[in-house]
Amino acid sequence: MPWCDPCERFFNPNTLNRDGTCPSCGKQLAEPQQQGWRSVPWHFWLLLGALVLYLGWRLIQGVAWATGLF
Ligand SMILES: [Zn+2]
């Protein structure tokens, strides 16, 4: 439970502002909540990278087939 000195009260983490500041006085009480793409787990990007590589390879194969290189 984050304690706010100026307000002399405890705050539920859910009642803090999204950046972790006190809703009454704006004092930084907690770590800013991670949001957006930064909160996506790393293995998601690994999977996405593998998918992009795979699709890129398939695209190259398709273009090579279409242009009669193979
Ligand atoms: Zn406060």
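Mentor: Let us begin with a definition: patches are made of residues with over 30% relative accessible area and no salt bridge, where like charges are joined within 9 Å and nonpolar side chains (Val, Leu, Ile, Met, Phe, Trp, Tyr) within 5 Å. A salt bridge is a side-chain nitrogen of Lys or Arg within 4 Å of a carboxyl oxygen of Asp or Glu. Accessible areas come from the Shrake-Rupley method with a 1.4 Å probe, and for residues only the protein chains shown count as cover. This is a predicted model, in which local features need pLDDT of at least 70, side-chain atom pairs count only at pLDDT 80 or more, and totals for chains, interfaces and linings use all residues. Residues are numbered from 1 along each chain as its sequence is written, and side-chain values use heavy atoms, leaving out hydrogens and water.

Trainee: Which residues form a nonpolar patch on the surface?

Mentor: The patch consists of Phe44, Trp45, Leu48, Leu51, Val52, Tyr54 and Leu55, with about 670 Å² of accessible area together. One of its members, Leu51, is placed in helix α1, residues 42-66.

Trainee: Why is Leu51 called partly exposed?

Mentor: Buried means under 20% relative accessible area, exposed means over 50%, and partly exposed lies in between (1.4 Å probe, protein chains only). Leu51 has a relative accessible area of 46%, so it is partly exposed. Leu46 also lies in helix α1, but its relative accessible area is 56%, so Leu46 is exposed.

Trainee: What makes the protein chain more spread out than a compact globule?

Mentor: The chain has 1 helix and 2 strands, and from the N terminus on its elements run β-β-α. Its radius of gyration is 24 Å, well over the 11 Å that the globule rule gives for 70 residues, so the chain is more spread out than a compact globule. The radius is taken over C-alpha atoms, and the rule is 2.2 Å times the number of residues to the power 0.38. Along its principal axes, the C-alpha trace spans about 75 × 15 × 15 Å. Buried residues make up 13% of the 70 residues. Helices (H or I, at least four residues) and strands (E, at least two) are DSSP runs, numbered from the N terminus.

Trainee: How many disulfides does a search of the whole structure find?

Mentor: The search finds 0 disulfides, a disulfide being a pair of cysteine sulfur atoms within 2.5 Å. As for the cysteines Cys7 and Cys25, Cys7 counts as partly exposed because its relative accessibility is 24%, and Cys25 is partly exposed at 39%.

Trainee: Which residues is Ser24 in contact with, leaving aside its neighbours within four places in sequence?

Mentor: Contact means heavy atoms within 4.5 Å. Leaving those neighbours aside, Ser24 is in contact with Cys7 and Phe11. Ser24 is in the loop between β2 and α1, and it counts as exposed because its relative accessibility is 54%.

Trainee: Why does Pro32 count as partly exposed?

Mentor: Pro32 has 47% relative accessibility, so it counts as partly exposed. Pro32 lies in the loop between β2 and α1 and touches Arg18, Asp19 and Gly20, not counting residues up to four places away in sequence.
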